[in-house]
Amino acid sequence: MKKAVQILNIAVFLGFLVVLAVVSLAIPEDDYSETENRYLADMPDFSVSDWFSGDYSEDLTSWLDDHFAMRTNWISLHTSLELLQGRSEVNGVYITDNRLLELTDEIDYSVVDSSLEAIAYLSELTDTPTYIMLVPTAAEIYSDEVSYTEKKVSQRELITYSYNYLAENSTVGMIDIYSTLYSNREEYIYYRTDHHWTSKGAYLAYILATDTMGYTASTLDKFNVKYASHSFYGSLHSKVLYDGIEADTIEFYLSNTRTVSKVTTDDDGNTVYSSVFDESYLSGKDKYLCYLGSNTATTQVVSDSTGGKLLIIKDSYANCLIPFLAENYSEIDVIDLRYLTNPTTAIGDLSEYDSILILYNAQNFAEDTNLPKLKLIK
């Protein structure tokens, strides 16, 4: 009798898998997951070489993982089961009572050293004052909320290491935002469900940056705060699909003393001026794109400030900081090295700039392999 029950259980389980597979093949295949905010794997084309190399089976597994029926429901269920078993880390995301934190991977300092050498090289090319700001993520500022049984890497040590190297090997000025963010950790300076800082966190950085770079920051009374969305579930939520954390609020700090615009060119070659806050993205999943729009190799922002010209080499942490910096700079040229093969033509003459700012979040800086492209500049 016991053996019969076991056979029946196995048969039911296998039957369930068959039904799930049939349903997965029958439903229309999506290219993009709005919930997870990423493109899904394509069905691989079969070839003999890929079969024997193992690439075909690997690609097929990725396709099956991405397209089985009720995928998002299963991800959410998996997260719930992990939490019920007392685990707090799911898919690289640590779940606390009131926020999601992205755990930092072990740092490869050979990657870091290559980036630092490139930054030092850039500073030697020009007399333009060059600054760097490495921003700790929420995982560092709220590291006390992570269990000591979990692997933790100190971003603060990474920042100290990087700044010490640049102090000894370059003329780069360091903007150390760690203490400012840590002392304001009870404020809403990081999103609860996304890996970015909020506009309030960026404003604190703006005050410190302008002070270091020789400007006076605009006070808060110079801005009107618009609450653009109260339903933002960000990149970390997409990884675990856990709804036990309150949705985030997106805020626009609208200058009431400056006219700030993003500059683009239309299909006819005409110059187009638009808002640095693109509200069209608020109806989609990745609402953070409302700051400057989708990521591109180059972006230009202008204002009616009487300040000079700023070059920013950055990751997406800079996007919600740039509207603040436009209070003090009349032109800001923005470079994202991820989308450039060679930055020489995009950057141009460094002597034309009054300041250069390199801004990355610390975790991304540790992993990024694009900064060495700066050595291509002559």
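Reader: Of the contacts in the protein with a separation of 6 or more, what percentage comes from residues 24 or more positions apart?
Author: The figure is 72%, where a contact means heavy atoms within 4.5 Å. The model is a predicted one, in which local features need pLDDT of at least 70 and side-chain atom pairs count only at pLDDT 80 or more, while totals for chains, interfaces and linings use all residues. Residues are numbered from 1 along each chain as its sequence is written, and side-chain values use heavy atoms, with hydrogens and water left out.

Reader: How many helices and strands does the protein have?
Author: There are 13 helices and 15 strands. These are DSSP runs numbered from the N terminus: helices are H or I with at least four residues, and strands are E with at least two.

Reader: And what share of the residues counts as buried?
Author: Of the 378 residues, 47% count as buried. Buried means under 20% relative accessible area, exposed means over 50%, and partly exposed lies in between, with a 1.4 Å probe and protein chains only.

Reader: Let us turn to the sheets. In what order do the 8 strands of the open sheet stand?
Author: The order is 7-6-15-13-14-12-10-11, and the pairing is mixed. Two strands pair if DSSP finds at least two bridges between them. Strand 7 (173-174) and strand 11 (271-274) are at the edges; each has a single partner strand, so one side of each has no neighbour in the sheet.

Reader: Which helix packs on that sheet, touching strand 6 and strand 7?
Author: Helix 7 does, and its direction makes about 165° with that of strand 6. Such angles run from 0 to 180 degrees between N-to-C directions, with axes fitted to C-alpha atoms, for helices over the stretch in contact.

Reader: In which sense do strand 12 and strand 14 pair?
Author: Strand 12 (residues 298-303) and strand 14 (residues 331-335) are antiparallel, with 5 bridges. Thr 298 has Ile 335 of strand 14 as its bridge partner.

Reader: What is the order in the open sheet of 3 strands?
Author: That sheet runs 3-4-5 with antiparallel pairing. Strand 3 (89-90) and strand 5 (100-102) form its edges, each with a single partner strand, so one side of each is left without a neighbour in the sheet. Strand 4 (residues 93-95) is joined to strand 5 by 3 bridges, and Val 93 is partnered with Glu 102 in strand 5.

Reader: Returning to helix 9, what do its buried residues pack against?
Author: They pack against strand 6, helix 8 (178-183), strand 8, strand 9 and helix 11 (322-325). Among the buried residues of helix 9 are Gly 201, Tyr 203 and Leu 204. Just after helix 9, Gly 214 takes a positive phi of about 90°.

Reader: How many residues of strand 9 are buried?
Author: In strand 9 (residues 248-255), 6 of its 8 residues are buried. Strand 9 runs antiparallel to strand 8 (residues 223-232), joined by 7 bridges, and Asn 224 stands opposite Leu 254 in strand 9.

Reader: Finally, which residues does Arg 156 contact, leaving aside its neighbours within four places in sequence?
Author: Arg 156 is in contact with Glu 140 and Tyr 178 on that basis. Arg 156 belongs to helix 7 and is partly exposed, with a relative accessible area of 43%.
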